[in-house]
Amino acid sequence: MPTESGSCSAARQAKQKRKSHSLSIRRTNSSEQERTGLPRDMLEGQDSKLPSSVRSTLLELFGQIEREFENLYIENLELRREIETLNERLAAEGQAIDGAELSKGQLKTKASHSTSQLSQKLKTTYKASTSKIVSSFKTTTSRAVCQLVKEYIGHRDGIWDVSVARTQPVVLGTASADHTALLWSIETGRSLAKYTGHVGSVNSIKFHPSEQLALTASGDQTAHVWRYAVQLPAPQPVADTSQQLCGEDEVECSDKDEPDADADPSSECPTIRAPLTSLKSHQGVVIAADWLVGGKQAVTASWDRTANLYDVETSELVHSLTGHDQELTHCCTHPTQRLVVTSSRDTTFRLWDFRDPSIHSVNVFQGHTDTVTSAVFTVGDNVVSGSDDRTVKVWDLKNMRSPIATIRTDSAINRINVCVGQKIIALPHDNRQVRLFDMSGVRLARLPRSSRQGHRRMVCGSAWSEDHPVCNLFTCGFDRQAIGWNINIPALLQEK
């Protein structure tokens with residue numbers, strides 16, 4: 001009990017010290033006129049083309065910045081004193097417990113455990129008090145490495161998914177709630193082909209690994225495989241949009257800021273009206289589909305709580321994957337192995353293994369507290385999952401009990417995508433932001449967004465194109481447009 005009373009008295013002393021410092025800060029602020037008088041007189045005596053009102057405003061702003069940093073400096077000094085006091089108290093208490101002297105290792109363990117909790121609180125407090133200042137610095141660096149290059153406008157409703165072709169010619173594909181899928185020239189932003197074979201919302205699009213085939217999933221309870229043949233137009237000079245960047249301000253935009261629905265550039269491009277193959281067997285919305293390695297089979301995920309594996313050539317159902325308790329939200333295949341992950345509203349995602357033809361195993365990954373919106377493979381044996389619980393988790397396939405990294409955000413996560421070569425995760429959010437993280441959970445950048453550029457509504461999906469010279473990241477949203485970004489990855493990783 002003496003230990004508890006000592007800690008209470010220490011807490012009271014700390015409060016009194018903070019009180020006295022806050023009073024001293026007020027006194028310091030009250031005498032700001034005296035402290036800033038000399039610089040003001042000196043500046044007024046210098047030659048300047050600025051109006052006096054502007055100069056006066058600048059002086060006031062500089063004074064506010066100085067006071068803010070001064071307050072933070074004083075708080076930091078006080079918190080350091082408190083940490084030193086606690087360390088001394090812990091060391092004194094640890095010298096004799098039950099008449100036995102603790103070893104240095106035990107003292108170190110006990111002190112580090114207690115101070116780690118306090119340091120975490122200090123970090124949180126310091127982060128909250130300086131978030132505005134730090135974010136302003138990050139804005140400048142993020143703009144330097146993340147640049148909007150091209151906007152792809154032509155859909156009449158929100159775009160759910162975006163994908164990049166794996167074969168030549170490299171084109172961009174978008175899947176929209178307007179019942180169509182569009183193919184785009186990445187360089188010019190022109191629509192090259194329109195697919196109109198679905199009678200419901202087109203929820204996802206994926207390109208065949210080696211042929212000019214596209215796989216689309218739809219709200220009409222089917223998935224379609226269709227062939228395209230496009231010819232890329234002559235490339236146009238890329239406009240420099242670096243002068244148009246105006247930070248990451250949260251600006252609310254009205255409907256008049258969105259692309260004009262009456263102007264339909266896609267009406268001039270060729271239309272593909274019928275599929276080569278229609279995959280039918282689901283009893284609900286097909287929310288996603290993907291090709292298995294080799295491109296001879298495809299997997300679909302549906303709101304009927306099942307995922308189906310099909311033979312594409314014959315349209316026959318090979319396996320029906322059951323086990324999820326609620327609607328599926330996404331499916332993804334491994335680039336080199338016969339592995340599939342399916343995510344669901346039941347807060348889990350499942351790994352299905354088809355490497356052994358005679359048996360397919362399944363592992364359940366639990367760790368999220370809300371809908372798992374997507375789960376995707378990365379290099380090696382890792383999977384990244386995103387959820388409506390505002391977290392992204394990185395998993396090792398050999399250990400499904402707990403994630404190896406967790407990213408916490410301020411908004412629900414939609415369909416994520418991983419740059420395999422550089423191990424960078426793109427996170428599209430409900431709050432219209434797109435953030436970039438590395439595989440260890442360190443934030444690298446946030447894509448610029450303002451009233452003049454970026455998405456104006458929820459960002460639904462993303463796709464990396466690692467070897468494209470113009471754009472290497474694409475995002476799509478419910479504002480009816482897709483956007484191509486150039487990410488200076490070497491500069492981004494150097495900042496890290």
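Cys 476 is buried, with a relative accessible area of 0%, where buried means under 20% relative accessible area, exposed means over 50%, and partly exposed lies in between (1.4 Å probe, protein chains only). The structure is a predicted model, in which local features need pLDDT of at least 70 and side-chain atom pairs count only at pLDDT 80 or more, while totals for chains, interfaces and linings use all residues. Residues are numbered from 1 along each chain as its sequence is written, and side-chain values use heavy atoms, with hydrogens and water left out.

What is the closest cysteine sulfur to that of Cys 476? It belongs to Cys 460 and lies 5.7 Å away, too far for a bond. A disulfide is a pair of cysteine sulfur atoms within 2.5 Å, and a search of the whole structure finds 0 disulfides. Cys 419 is also a buried cysteine, with a relative accessible area of 1%.

Cys 419 brings us to a sheet. Helices (H or I, at least four residues) and strands (E, at least two) are DSSP runs, numbered from the N terminus, and two strands pair if DSSP finds at least two bridges between them. An open sheet of 4 strands has the order E23-E24-E25-E26, with antiparallel pairing. Its edge strands are E23 (417–419) and E26 (443–446), each of which pairs on one side only. On average, neighbouring strands here are turned by 25 degrees against each other, direction ignored; axes are lines fitted to C-alpha atoms, for helices over the stretch in contact, and angles run from 0 to 180 degrees between N-to-C directions. Strands E23 and E24 run antiparallel and are joined by 3 bridges, and the bridge partner of Cys 419 in E24 is Ile 424.

The interior can be described through its nonpolar cores, each a set of buried Ala, Val, Leu, Ile, Met, Phe, Trp, Tyr and Cys residues joined through side-chain atoms within 4.5 Å. In soluble globular proteins, nonpolar side chains tend to be buried together. The largest nonpolar core has 25 residues, and those with the most contacts inside it are Val 341, Phe 349, Phe 377, Val 384 and Ile 425. Among the elements that give two or more residues to this core are strands E16 (339–344), E17 (348–353), E19 (372–377) and E24 (424–428). The largest share, 4 residues, comes from E19. A second, separate core of 19 residues includes Val 145, Cys 419, Leu 447 and Val 459. Leaving aside neighbours within four places in sequence, Ile 425 is in contact (heavy atoms within 4.5 Å) with residues including Val 384, Val 394, Ile 407, Asn 417 and Phe 437.

Rings of Phe, Tyr and Trp (its six-membered ring) pair if their centres lie within 6.5 Å; planes under 30 degrees apart count as stacked, over 60 as edge-to-face and the rest as tilted. A search of the whole structure finds 9 aromatic pairs. In one of these, the ring centres of Trp 226 and Tyr 228 are 6.4 Å apart and the planes stand at 65 degrees, so the pair is edge-to-face. Both Trp 226 and Tyr 228 are buried. The rings of Phe 349 and Phe 365 have their centres 4.7 Å apart and their planes at 10 degrees, so this pair is stacked. The pair links distant parts of the chain, with Phe 349 in E17 and Phe 365 in strand E18 (residues 361–366), 16 residues apart. Phe 349 is buried, with a relative accessible area of 1%, and Phe 365 is buried with a value of 1%. Tyr 195, Phe 207, Trp 226 and Tyr 228 form one aromatic cluster.

Another open sheet has 4 strands in the order E11-E12-E13-E14, with antiparallel pairing. E11 and strand E14 (316–321) stand at the edges with a single partner strand each, so one side of each is left without a neighbour in the sheet. Neighbouring strands of this sheet are turned by 20 degrees against each other on average, direction ignored.

Why is strand E12 (residues 297–302) largely enclosed by the rest of the structure? The reason is that 6 of its 6 residues are buried. Gln 297, Val 299 and Ala 301 point one way from E12, and Ala 298, Thr 300 and Ser 302 point the other way. Strand E11 (residues 286–291) is joined to E12 by 5 bridges, and Ala 289 stands opposite Thr 300. On the way between these strands, the hairpin has 5 residues, and Gly 294 takes a positive phi near 100 degrees. E12 is joined to strand E13 (residues 307–311) by 5 bridges, with Val 299 opposite Leu 309.
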